Amino acid sequence: MEFIIVLDKPQMGENIGAAARVMANFGIEELRIVNPRDGWPNETASYMATCGSYIIENAKIYTDLKEAISDADYVIGTMGRDLSDFSKPIYTPRYLNKLLGFKKVVIIFGCERVGLNNEELSLCSAVLTIDTKEKCKSMNLAQAVAVICYEISQINIDTYKLKHEIDGEIATQTEVSEMLQHLEDELTRKNFFQEPSKKPRMMINIRNMFNRNIFSKQEVRTLRGIIRTLSKDN
């Protein structure tokens with residue numbers, strides 16, 4: 001089982017380096033960075049990483065979040081804002097204990113200023129939030145990464161079992177995304193989105209409905225077969 005940390009649009013090299021350091025502290029070694037504000041490579045990030053400098057050196061840089069998570073079979077977003085009206089499962093970091101059985105789990109952290117937006121969160125199957133005190137709710141990016149990486153390090157493979165029983169190999173994020181693109185294309189062709197201005201929000205809701213669940217490769221193939229059948233012209 002592999003855990004990967006993704007930093008989406010991080011703003012400060014210091015935070016990227018500090019995140020790499022705590023990843024090394026807890027044995028999480030793959031870092032992916034999407035559109036770092038100050039460019040890459042970043043000298044400050046390398047300086048701050050200390051014992052995690054090798055993680056910075058091997059970090060993969062992306063220009064698109066979807067590409068950064070494309071090979072994952074489970075994607076988790078992290079958020080600190082109020083999620084009381086959010087239509088997706090919300091868990092504390094202890095939930096990570098329930099994910100044994102997945103091959104590749106990606107955990108996304110948004111930029112320091114605003115975190116992940118609704119469209120980015122719609123790509124995730126679940127959301128993790130760290131329960132901080134009301135007097136000081138926000139956490140530094142690297143601190144949040146540290147809490148999550150510590151929980152990963154505490155997973156006991158012999159004690160915990162996969163929460164969701166999947167019949168067959170789990171579909172990757174790319175396979176699910178391609179299925180959703182197939183659905184969007186056919187809905188567009190059939191004039192489902194009668195008001196174009198509402199299409200982006202409607203697609204976020206549709207992605208949320210699918211991404212909060214876990215699908216096997218066979219289930220994705222079946223869903224695409226259903227879409228093809230329903231989209232045939234009489």
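I took a nonpolar core as a set of buried Ala, Val, Leu, Ile, Met, Phe, Trp, Tyr and Cys residues joined through side-chain atoms within 4.5 Å. Buried stands for under 20% relative accessible area, exposed for over 50%, and partly exposed for what is in between (1.4 Å probe, protein chains only).

The model is predicted, and local features need pLDDT of at least 70, side-chain atom pairs count only at pLDDT 80 or more, and totals for chains, interfaces and linings use all residues. Residues are numbered from 1 along each chain as its sequence is written, and side-chain values use heavy atoms, with hydrogens and water left out.

**Cores.** I found 39 residues in the largest nonpolar core, and those with the most contacts inside it are Ile-5, Leu-7, Leu-31, Leu-96, Ile-107, Phe-109 and Val-145. Helix H6 (residues 141–153) supplies the largest share of this core, eight residues. I used DSSP runs for helices (H or I, at least four residues) and strands (E, at least two), numbered from the N terminus. Another core lies apart from it and has 17 residues, including Val-6, Val-75, Val-106 and Cys-124.

I then listed the contacts (heavy atoms within 4.5 Å) of Leu-96. With neighbours within four places in sequence left aside, Leu-96 touches Phe-3, Ile-76, Ile-107, Leu-128, Ile-148, Glu-151, Ile-152 and Ile-155.

**Cysteines.** I searched for disulfides, each a pair of cysteine sulfur atoms within 2.5 Å, and the count is zero. Cys-51 is partly exposed, at 45% relative accessible area. Cys-124 is buried, at 0%.

**Leu-180.** I placed Leu-180 in helix H7 (residues 173–189). Leu-180 is buried, at 4% relative accessible area. Setting aside neighbours within four places in sequence, I get contacts from Leu-180 to Met-203, Arg-207, Phe-210 and Asn-211. Leu-223 is 43 residues from Leu-180 in sequence, and their C-alpha atoms are 9.7 Å apart.

**Second largest pocket.** I read its volume as about 210 Å³. The lining has 14 residues, and Lys-66, Leu-123, Ser-177, Glu-178 and Gln-181 lie nearest the centre. H7 and helix H8 (199–211) are the elements that give two or more residues to this lining, and H7 gives the most, seven residues.

The pocket is an open set of points on a 1 Å grid over the protein atoms alone, where a 1.4 Å probe fits, with protein on both sides within 12 Å along at least five of seven lines; lining residues have an atom within 4 Å of a point.

Notes: Grid points are joined across faces, edges and corners, and a volume is the space filled by probe spheres set on the points.
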